[in-house]
Amino acid sequence: MNILFTFDRNMIAPLSAALYSLAATNVRSDLELYLVHGFPACDELFRLQTFCNDIELRTQFIEISNNAYSEIWGTLRDEPHISSAALYRCSLGSILPKTVTRVLYLDCDTLVLSSLAELYDRDLGGSIVAAYQVGNALHEDLGVGPSQYFSSGVMLIDLNLWRKQNVEKRVFEVLTTMSDRLVWHDQCALNIALAGQVMGCERRYNYTFYPTRLIGDFEVPVILHFAGSVKPWTAPLKHPWGGIYCEMAGRTPWAEQLDLSPDAGMSPKRRYRRHLLRRFGLHWLARRI
């Protein structure tokens, strides 16, 4: 099972939580991780490599030049919570070894809560990508039907077809010639380049919290995706899934970065439990934890 993450320095801590969640829920001897970054070796990267060894994840770190990606990123709409590292996935056919013929791409702002085997092993039926189709009419005139627009935060990819059909070239042509149309950056470019070649998958494989959704629409997530600008590592107590993130991040070397004031001296898990008890008015019990 080949898994791909792309990241920059700012995403090392959230990535470590994603990696811990993956190791805890997918104990497979054939798990192979590819971590692609565009910055030189540093202490934080060394800590991440050591952490991967500690949790027994077989990992290959791949360093690439960020210059070309930064230039393209500069032409796209500014979005502070996203960086040019998102573009690396568009080159995965070139970056990954030719022996890798199938890969599951995951954004760094995800947590894996259950086995990925059912998703990874499914028959794509001639499609290049399987992804959750969130729906959007942004590019209907370019062949992307309103129900076909997909979230690129989780993608199962047939790399043989990706390479054979030169998807990478198509994506970068869209990025360089249609930047004014790309509201969601490379996600839009991927949708346009892959129009008609994407198989839909269930929401549980790319579960994002939407406050406007009805309770009856809830599914038990396999992959939890913290899409959007509100992230649990910047405001864990304000995020609906902050508790799960704290549980995972609290087991990494970056646990001290979790800010759950006013109980700053406690472990992340203990602080979050106290917070919940206080919200339910159980102050007397919170003081005993």
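Setting aside neighbours within four places in sequence, Met-248 touches Ala-17, Tyr-20, Ser-21, Leu-111 and Leu-113. Met-248 sits in helix α9. The model is a predicted one.

**Met-248**
- Met-248 has a relative accessibility of 14%, so it counts as buried, the limit being under 20%.
- Leu-19 lies 229 residues away from Met-248 along the chain, yet their C-alpha atoms are separated by 9.1 Å.

**Helix α9**
- The buried residues of α9 are Gly-242, Gly-243, Tyr-245, Cys-246, Met-248 and Ala-249.

**How α9 meets α1**
- Two packed helices are described by the angle between their axes and the distance between the axes.
- For α1 and α9, the axes come within 8 Å and cross at roughly 85°.
- The two helices, α1 and α9, are therefore roughly perpendicular, a term that covers angles of 65 to 115 degrees.
- On the α1 side, the contact is made by Ala-13, Pro-14, Ala-17, Tyr-20 and Ser-21.
- On the α9 side, Tyr-245, Met-248 and Ala-249 take part.
- By class, this contact of α1 with α9 has 7 nonpolar residues, 1 polar residue and no charged ones.
- Ala-17, Tyr-20 and Ser-21, which belong to the α1 side of the contact, are also among the residues that Met-248 itself touches.

**The largest pocket**
- Rolling a probe the size of a water molecule over the atoms shows where empty space is left.
- The largest pocket holds about 1000 Å³ of space.
- Its lining has 45 residues.
- Nearest the centre of the largest pocket are His-81, Ile-82, Asp-107, Asp-109 and Lys-231.
- The lining of this pocket divides into 20 nonpolar, 18 polar and 7 charged residues.
- Helix α8 gives the largest share of the lining, with 3 residues.

**The whole chain**
- The chain has 289 residues, and 53% of them are buried.
- It contains 11 helices and 9 strands.
- Among contacts in the chain with a separation of 6 or more, 71% are between residues 24 or more positions apart.

How values were computed: Residues are numbered from 1 along each chain as its sequence is written. This is a predicted model: local features need pLDDT of at least 70, side-chain atom pairs count only at pLDDT 80 or more; totals for chains, interfaces and linings use all residues. Side-chain values use heavy atoms; hydrogens and water are left out. On a 1 Å grid over the protein atoms alone, a cavity is a set of points where a 1.4 Å probe fits but cannot get out, and a pocket is an open set with protein on both sides within 12 Å along at least five of seven lines; lining residues have an atom within 4 Å of a point. Grid points are joined across faces, edges and corners, and a volume is the space filled by probe spheres set on the points. Helices (H or I, at least four residues) and strands (E, at least two) are DSSP runs, numbered from the N terminus. Ala, Val, Leu, Ile, Met, Phe, Trp, Tyr, Cys and Pro count as nonpolar, Asp, Glu, Lys and Arg as charged, and the others, Gly among them, as polar. Buried means under 20% relative accessible area, exposed over 50%, partly exposed in between (1.4 Å probe, protein chains only). Axes are lines fitted to C-alpha atoms, for helices over the stretch in contact, and angles run from 0 to 180 degrees between N-to-C directions. Angles under 35 degrees count as roughly parallel, over 145 as roughly antiparallel, 65 to 115 as roughly perpendicular and the rest as oblique. Contact means heavy atoms within 4.5 Å.
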